[in-house]
Amino acid sequence: MILLYMNFEFKISDNDGEILVKMARSSVTEYLQNHTKITDHEFNSKFNVNAGVFVTINKEGSLRGCIGYPLPIKKLSDGIIDSSISAATKDPRFPEININELNDIVFEVTVLTQPTEINVKQHEDYLSMIKIGRDGLIVENRYGSGLLLPQVPKEFGWNVEQFLSYTSEKAGLDKNAWKDHNTKVSRFEGIIFKEECPNGKVVREIL
């Protein structure tokens, strides 16, 4: 898949995905062992392009941490390292991962296209303009903002309306906030790579 941004294209190969996921694990390992950020000049040079990215950590099939950058405000190299450490240590929903868990957790990396607002005349139009398995969503208004990745509705078997409602709730809003004309709904796509098992083979996930 090729990520399309305002003035360039950026293609991520399966080999790139493997490198990104391994760096996510290495970043967390380095931080938990030594409380320092990993330094890799070759990695920084290879992924020296701004891109949105999320790192998800799962343990025994359940979420253990997920944090990232929705917008391409950081170099992908920096975003991966920062998101990995934050997902492991700063997700407010979970206690900090400890070093003894490293062999029990699975790392997943999602590189995002730039979000674009979905313009509709009436809220019902969203239902035909959003595709499950392709789109991730951001719902936001002046009271809050929430994001769900493209893989989430597939994992839970949601339809589009449920996806919109749960993204609204992720923003701390009423589940029907997406129907309000003052609420902005944006979509993005993602390239997903993950370990098949803790520290195992890295594969591209096809939704």
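This is a predicted model: local features need pLDDT of at least 70, side-chain atom pairs count only at pLDDT 80 or more; totals for chains, interfaces and linings use all residues.
User: Which elements do the buried residues of H6 pack against?
Analyst: Helix H6 covers residues 160–170, and its buried residues are Val-160, Phe-163, Leu-164, Ser-165, Thr-167 and Ser-168. The partners of these buried residues include both helices and strands, namely helix H4 (126–129), strand S7 (136–141), strand S8 (144–148), helix H5 (151–156) and strand S9 (184–188).

User: What is found at the start of H6, and which residue with a positive phi follows the helix?
Analyst: At the start of H6, a side-chain oxygen of Asn-159 comes to within 3.2 Å of the backbone nitrogen of Glu-161. After H6 the chain continues with a residue whose phi is positive, near 80°, and this residue is Gly-172.

User: In what order do the strands of the open sheet lie?
Analyst: Two of the strands, S7 and S9, pair in the antiparallel sense over five bridges, and five bridges also join S7 to S8, again in an antiparallel arrangement. The edge strands, which each pair on one side only, are S6 (116–117) and S8. The four strands of this open sheet, with antiparallel pairing, therefore lie, where a pair is two strands with at least two bridges between them, in the order S6-S9-S7-S8.

User: Which residue of S8 stands opposite Leu-137?
Analyst: S7 and S8 form a hairpin with two residues between them. Towards S9, the bridge partner of Leu-137 is Arg-187, while Val-139 has Val-185 as its bridge partner in S9. In S8, the residue opposite Leu-137 is Leu-148.

User: Which residue in the turn between S3 and S4 has a positive phi?
Analyst: Strands S3 and S4 run antiparallel and are joined by seven bridges, with Asn-58 standing opposite Leu-63 in S4. The two strands form a hairpin with two residues between them, and the turn residue with a positive phi, of about 50°, is Glu-60.

User: How much space lies in the largest pocket, and which element gives the most to its lining?
Analyst: The largest pocket holds about 650 Å³ of space. Of the 28 residues that line this pocket, the closest to its centre are Leu-63, Cys-66, Arg-93, Leu-148 and Lys-170. The elements that give two or more residues to the lining are strand S3 (52–59), strand S4 (62–69), S8, H5 and H6. With five residues, the element that gives the most is S4.

User: Why does Glu-101 count as buried, and which side chain does its own side chain meet in a polar contact?
Analyst: Glu-101 is found in the loop between helix H3 (76–89) and strand S5 (105–112). Glu-101 counts as buried because its relative accessible area is 7%, and the cut-off for buried is under 20%. Leaving aside neighbours within four places in sequence, Glu-101 is in contact with Lys-59, Arg-64 and Glu-96. The side chain that makes a polar contact of 3.0 Å with the side chain of Glu-101 belongs to Lys-59.

Terms used. Residues are numbered from 1 along each chain as its sequence is written. Side-chain values use heavy atoms; hydrogens and water are left out. Buried means under 20% relative accessible area, exposed over 50%, partly exposed in between (1.4 Å probe, protein chains only). Contact means heavy atoms within 4.5 Å. A polar contact is a pair of N or O atoms within 3.5 Å; within protein, one must be able to donate a hydrogen and the other to accept it, and residues adjacent in sequence count only if both atoms are side-chain atoms. On a 1 Å grid over the protein atoms alone, a cavity is a set of points where a 1.4 Å probe fits but cannot get out, and a pocket is an open set with protein on both sides within 12 Å along at least five of seven lines; lining residues have an atom within 4 Å of a point. Grid points are joined across faces, edges and corners, and a volume is the space filled by probe spheres set on the points.
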